[in-house]
Amino acid sequence: MIVWINGAFGAGKSGTARELVGLIPHSTLYDPEATGAALRRLLPAERLAEVDDYQDLPIWRRLVVDTAAALHAEVGGVLVVPMTLLRQEYRDEIFGGLAARRIDVRHVLLAPEETILRSRIDGRAEFGDPDADAGVRRWCHAHLPPYREAVAGWLGADAHTVDTSALTVSETAKAVADAVLGGLAAPCGIVQTPEPTRETLAAGVLLFDDQDRFLLVDPTYKPGWEFPGGVVESGEPPARAGMREVAEEIGLELDAVPRLLLVDWERPQPPGFGGLRLLFDGGRLAARDRDRLRLPGAELRAWRFVTEEEAADLLPPVRYDRLRWALRARERGTVLNLEAGVPVG
């Protein structure tokens, strides 16, 4: 398993992680800061200049998953990972990638009172260079507002919280070890979706309300909103796969086989393999059906009916292009063939 120690910049994650390795048997420290440092040497300066934080680089998030999984396979036991994660979509991407490799994550939040946290930040002196140390302190203070917002929202609900206001580093590590070994810090509830090893066939279903808005769902295991649906299993008819996924994801049994709207070929973009993506028209949901919608907490966080314009802010570009053409196909009563989001034929 992985023990992921989260918290504000300056909360004492690294010191706690070093102590924790001595308290949890067969544990190894992996600090994703090392991955970020490597990217500073590997990536062109112009690419690094495009982001304020290396966490915003997709390659960093992929490498964190790949490195943690490879290290876990090499040494076994427990990996202790001290890393601030304040953006929920990054947590989803990283924890979902680890879950796909069948690695449990125990998510622990170090949460001292803010006055104490600010005092600890003000006392940081890591580099022996007054200017460098002042820059680090400014960085830590600047990230307190997004930290507060995350704790009040997703982070406070997702992680096991340890109040470290009155604890030393050693006492904090002991509290984390007790929570992990005693089961208080339970495995993070995120769906384990095996990563594909080849091109996949996936079926999505558009479900409409009486205002012609359509349903989107927010997966816990990957960034961005999505249509209800999923990967078609071996030997399974695609439309029936869409019906199965709708039932599994939102608890709704469709009365009729949905009508095909489009077929889209998605080009491979490493580490993804691409494949065929089908969208079906699941029809209009009656009010009683909308009242019966249910979400599996480990797989989906939320659902909502949206307009085409609202979907532009929720869907990744490739899925939004697919949606636009699916809606046009529905309006015209036809089926469209797309390649990478562009109609052909």
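**Aromatic rings and charges**

Student: Is Trp-4 buried or exposed, by its relative accessible area?
Tutor: Buried means under 20% relative accessible area, exposed over 50% and partly exposed in between (1.4 Å probe, protein chains only). Trp-4 has a relative accessible area of 1%, so this residue is buried.

Student: What do the numbering and the values rest on?
Tutor: This is a predicted model, where local features need pLDDT of at least 70 and side-chain atom pairs pLDDT 80 or more, while totals for chains, interfaces and linings use all residues. Residues are numbered from 1 along each chain as its sequence is written, and side-chain values use heavy atoms, leaving out hydrogens and water.

Student: How many aromatic pairs does the structure hold?
Tutor: Rings of Phe, Tyr and Trp (its six-membered ring) pair if their centres lie within 6.5 Å; planes under 30 degrees apart count as stacked, over 60 as edge-to-face and the rest as tilted. By that rule the number of aromatic pairs is four.

Student: What kind of pair do Trp-4 and Phe-95 form?
Tutor: Their ring centres are 5.3 Å apart. The planes stand at 65°, so the pair is edge-to-face.

Student: How many residues apart in sequence are the parts that this pair ties together?
Tutor: Phe-95 is buried too, at 1% relative accessibility. Trp-4 lies in strand β1 (residues 2–7) and Phe-95 in helix α5 (residues 88–100); helices (H or I, at least four residues) and strands (E, at least two) are DSSP runs, numbered from the N terminus. The parts are therefore separated in sequence by 91 residues.

Student: Over which ring does the charged end of Arg-330 sit?
Tutor: A charge sits over a ring if NZ of Lys or CZ of Arg is within 6 Å of the ring centre and within 35 degrees of the ring normal. The charged end of Arg-330 is 3.5 Å from the centre of the ring of Phe-208.
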